[in-house]
Amino acid sequence: MTSETITADAAGTWTLGDLTVNRIGFGAMRLTGSAAFHLGTPSDRKRSIAVLHRARELGVNHIDTAAFYFSSLRSANEIINSALSPYPDDLVIVTKVGPFRNYSGEWDTSARPDDLRGHVEENLRQLGRDHLDVVNLRRMRQDSIAEHFGALAELREEGLIRHLGVSDVEPRHLAEAQAIAPVVCVQNRFGLDSRNPDTDEILRICGEQGIAFVPFFAIAGEGGSHGATDGHDEAVLAVARVHDATPAQVRLAWTLAQGPHVLAIPGTGNPDHLAENIAAGALRLTEDELDTLNSLHQQGG
């Protein structure tokens, strides 16, 4: 399962509005360092650029990023711009707005609705684009997202944004957004060992409505922003041994098996891990294996 000949189309495709992407994409969070944000040591810039070039060679056409993905020396958006601009016609870049980090890297007050234009324009500037393919509104604990999502819908009408999504939401927030403008994707934390009834319900709703469900931290588990978990249940290890795969590949394969509308955006700054992540799209779990892993998920949370 570590073959570098397996490409991102092995898992099939999905559409974000009118944009077709391979179901295995790439998350840019780890381009900037050994862990996200200011949590690790800054990455080697040439290596991060090489990872993006390799991702394209392996068929990745869906990259997830954000202006707040930066370390003391590196910006994910700047690295993407340097590595991939001028951008290929098939490349879909998805970003998110809402959270805010100041120039020292500390988390600051999240965006008000009237701040979102500035957040969108900053992503445009860093990426060197005149529009953003998809922008996700990351909910920052507010009870209603109507005003924030409405502000993004206005920017969509102006042509700065092509499609909209939401992140870290409950079913009621998705419905609230859909009453304002079309939603092409939902990003929530979701993984084999993390269970949230609201997110499980979102997963089901997205499948019924043909909306992409794009989980984050699907590999990282409890590690979250710090990186992939080293703690694996014996059931995961047993499945990995049968398929000559890594536990991370099993986690990704299980995630993709939750429905054809489920995408994966594993992130890494390591070229070898990149190839392994993409190869997971070709891993097919048996019904018995899925039953075992589904039971493990039901015990999580």
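Does Cys206 count as buried or exposed, and what is its relative accessibility? At 0% relative accessibility, Cys206 counts as buried, where buried means under 20% relative accessible area, exposed means over 50%, and partly exposed lies in between, computed with a 1.4 Å probe on protein chains only. The structure is a predicted model, in which local features need pLDDT of at least 70 and side-chain atom pairs count only at pLDDT 80 or more, while totals for chains, interfaces and linings use all residues. Residues are numbered from 1 along each chain as its sequence is written, and side-chain values use heavy atoms, with hydrogens and water left out.

A search of the whole structure accordingly finds 0 disulfides.

We can now turn to the sheet. In an open sheet with parallel pairing, 7 strands follow the order S3-S4-S5-S6-S7-S8-S9; strands (E, at least two residues) and helices (H or I, at least four) are DSSP runs numbered from the N terminus, and two strands pair if DSSP finds at least two bridges between them. Strands of a sheet pair through backbone hydrogen bonds, either parallel or antiparallel. Strand S3 (26-27) and strand S9 (212-213) stand at the edges of this sheet, and because each has a single partner strand, one side of each is left without a neighbour in the sheet.

On one side, 4 bridges join S5 to S6, which run parallel, and Val94 has Val134 in S6 as its bridge partner. S6 is also joined to strand S7 (residues 161-167) by 6 bridges, again in a parallel arrangement; here Asn136 is partnered with Gly165, and Leu137 with Val166. Because 7 of the 7 residues of S6 are buried, the strand is largely enclosed by the rest of the structure.

Helix H4 (residues 146-157) lies across strand S5 (92-97), S6 and S7, and runs at about 165° to S7, where axes are lines fitted to C-alpha atoms, for helices over the stretch in contact (heavy atoms within 4.5 Å), and angles run from 0 to 180 degrees between N-to-C directions.

Another helix, H9 (residues 271-279), has the buried residues Leu274, Ala275, Asn277, Ile278 and Ala279, which pack against S3, helix H1 (45-57) and helix H8 (247-256). At the start of H9, a side-chain oxygen of Asn270 reaches to within 2.7 Å of the backbone nitrogen of Asp272.

Ser194, in the loop between strand S8 (185-187) and helix H6 (197-209), counts as buried because its relative accessible area is 19%, and a polar atom of its side chain lies 3.1 Å from the backbone nitrogen of Gly191. Asp9, in the segment before strand S1 (13-16), counts as partly exposed because its relative accessibility is 47%.

Definitions and conventions: Disulfide = S-S within 2.5 Å. Polar contact = N/O pair within 3.5 Å; in protein donor to acceptor, adjacent residues only side chain to side chain.
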